[in-house]
Amino acid sequence: LGDFKTAIDYHERHLEIAKEVGDKAGEGRAYGNLGNSSQSMGDFKTAIDYHERHLKIAKEVGDKAAEGSTYGNLGNAYQGLGDFKAAIDYNERHLKIAREVEDKAGEGRAYGSLGKAYHGLGDFKAAIYYNERHLKIAREVGDKAQEGIAYGHLGIAYRSLGYFKTAIDYHERQ
């Protein structure tokens, strides 16, 4: 609903209860949700702090899937700060783990995040490469929302290269 302050209140309650009952995995999820809510509000430094806490717990409890998605969240937060090299590093870690745990949707999102980061660096050909892989996986898993996002990012990358007709085609598909 976009009410991130209320979301943060609930996630803080979740964190309190998880700590109270000794639910380490739940504590990690609460930190991750606090990070995502902070990120949605544009507070990337706070988001990074929460995501790092989630990452530490995911490693402690041996939750590889959570570890992978948290690397992706860290990548997105660093991208929000304009640190595209760090974003690429974290998203490559996300991609590696998504492949290991056979999380096809996560693999697709990692490709999409890599495409955005390379676009931020001005490497539009790499952005296209990664966004095409994102699109392929989104289609494979039947995720229409991610498919639309991939089309949009492809349109932006082609526009950045000056291929306006191709860009329009992708934006119309979006």
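The model is predicted, so local features need pLDDT of at least 70 and side-chain atom pairs count only at pLDDT 80 or more, while totals for chains, interfaces and linings use all residues. Residues are numbered from 1 along each chain as its sequence is written, and side-chain values use heavy atoms, with hydrogens and water left out.

Begin by selecting Lys96 and Glu100, which form a salt bridge with their closest N and O atoms 3.4 Å apart; the term means a side-chain nitrogen of Lys or Arg within 4 Å of a carboxyl oxygen of Asp or Glu. Both residues lie in helix α5 (residues 84-100), four residues apart, about one turn of the helix, where helices are DSSP runs of H or I with at least four residues, numbered from the N terminus. Lys96 is exposed at 55% relative accessible area, whereas Glu100 is partly exposed at 42% (buried is under 20%, exposed over 50%, partly exposed in between, with a 1.4 Å probe and protein chains only).

Select Lys104 and Glu140 next, a salt bridge whose closest N and O atoms are 3.9 Å apart. Lys104 lies in helix α6 (residues 104-120) and Glu140 in helix α7 (residues 124-141), so this pair ties together parts that are 36 residues apart in sequence.

Lys136 is exposed, with a relative accessible area of 53%, and Glu140 is partly exposed at 45%.

Terms used: Helix = DSSP H or I, 4+ residues; strand = E, 2+ residues; numbered from the N terminus.
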